[in-house]
Amino acid sequence: QSCCAHHGKYVNTWMHSGMVQVDKVKMSKSLNNFFTIKDVLDVYDSESVRYFLISGHYRSQLNYSIDNLDAAKTALTRLYQAISELDTDMNYIPQTDNNYIKRYDLVMADDFNTPEAIAILFELAHIVNRKKQAKEDCMIEVNTLMFLAKRLGLLYQNVGDFFKGTAENSQQIDKLVKQREQARSDKNWVLADQIRDQLAVDGIEILDGT
């Protein structure tokens, strides 16, 4: 009917996506667990939300929860940490024999497999981190990482802007650090670990001395 009404092809591709769940319960107005993207963006930055949305296959059920969004933000932070302190080529064009590009194209051609595509990003990030630590040249890997990430709409921000936008303000960080120090002094290890994990979500890593 649509083809006849509009005198042409209706769509080129049908994609049946999974349903959205909230804490493993179907999202529904009748259950009063309905929210909009605007509601989410009031709490989380758009790039972390994008990462969360593509971290699962589009046909799988998407489970919205604070834990899952926090995990997405933490994972994205790890990617930004990998490219930090490095000069990247925004106009980089990879060689045609680049193995990572080939693998990326294969998994994306396999029913838009974004989780596998993201796994390739983290494989590159791991190599970049290892080479940075060994003070080896890693520009091919970091530029390939940037090239592929931007295809997914990731890593498009300046590194400094990302960390500035996702971290708590310095007073709040100082307050949490002091609370954790007191918790460790009181041997309240559960609270100390909770505060450490909360800081890690915002990209703040706590290294305890021995």
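1. Just after helix α4, Glu85 adopts a positive phi of about 65 degrees. The model is a predicted one. Most residues other than glycine have a negative phi, and Glu85 is not a glycine. Glu85 sits in the loop between α4 and α5 (99-109). With a relative accessible area of 81%, Glu85 is exposed.

2. A second residue belongs with this point. Lys187, again not a glycine, has a positive phi of about 60 degrees. Lys187 is placed in the loop between α9 (170-185) and α10 (189-201). Its relative accessibility is 60%, so Lys187 counts as exposed.

3. On the overall layout, the protein chain contains 10 helices and three strands. Their order along the sequence is α-β-β-α-α-β-α-α-α-α-α-α-α. The C-alpha trace spans about 75 × 55 × 25 Å along its principal axes. Of the 210 residues in the chain, 35% are buried. Among contacts with a separation of 6 or more, 69% come from residues 24 or more positions apart.

4. The buried residues of α4 are Leu69, Ala72, Lys73, Ala75, Leu76, Thr77, Leu79, Tyr80, Ala82 and Ile83. An α-helix has 3.6 residues a turn, so residues three or four places apart point the same way. Ala71 is also in helix α4, but at 45% relative accessibility Ala71 counts as partly exposed. The C-alpha atom of Ala71 is 9.8 Å from that of Tyr51, and the two residues are 20 residues apart along the chain.

5. How do α3 and α4 pack, and at what angle? Helix α3 (residues 46-54) and helix α4 (residues 66-83) pack at about 105 degrees, and their axes are 8 Å apart. Helix α3 is therefore roughly perpendicular to α4, since angles of 65 to 115 degrees fall in that class. On the α3 side the contact is made by Glu47, Ser48, Val49, Tyr51 and Phe52. Their partners in α4 are Asn68, Leu69, Ala72, Lys73, Ala75, Leu76, Leu79 and Tyr80. By type, the residues of this contact are nine nonpolar, two polar and two charged.

6. The whole structure holds four aromatic pairs. In one of them, Phe52 and Tyr64, the ring centres are 6.5 Å apart and the planes lie at 75 degrees, so the pair is edge-to-face. Because Phe52 lies in helix α3 and Tyr64 in strand β3 (residues 62-64), the pair ties together parts that are 12 residues apart in sequence. Both Phe52 and Tyr64 are buried.

7. Phe162 and Phe163 form another edge-to-face pair, with 5.3 Å from centre to centre and 75 degrees between the planes. Are these two residues buried or partly exposed? Phe162 is buried, at a relative accessible area of 1%. Phe163 has 21% relative accessibility and counts as partly exposed, because buried means under 20%.

Definitions and conventions:
Residues are numbered from 1 along each chain as its sequence is written. This is a predicted model: local features need pLDDT of at least 70, side-chain atom pairs count only at pLDDT 80 or more; totals for chains, interfaces and linings use all residues. Side-chain values use heavy atoms; hydrogens and water are left out. Axes are lines fitted to C-alpha atoms, for helices over the stretch in contact, and angles run from 0 to 180 degrees between N-to-C directions. Helices (H or I, at least four residues) and strands (E, at least two) are DSSP runs, numbered from the N terminus. Angles under 35 degrees count as roughly parallel, over 145 as roughly antiparallel, 65 to 115 as roughly perpendicular and the rest as oblique. Contact means heavy atoms within 4.5 Å. Ala, Val, Leu, Ile, Met, Phe, Trp, Tyr, Cys and Pro count as nonpolar, Asp, Glu, Lys and Arg as charged, and the others, Gly among them, as polar. Buried means under 20% relative accessible area, exposed over 50%, partly exposed in between (1.4 Å probe, protein chains only). Rings of Phe, Tyr and Trp (its six-membered ring) pair if their centres lie within 6.5 Å; planes under 30 degrees apart count as stacked, over 60 as edge-to-face and the rest as tilted.
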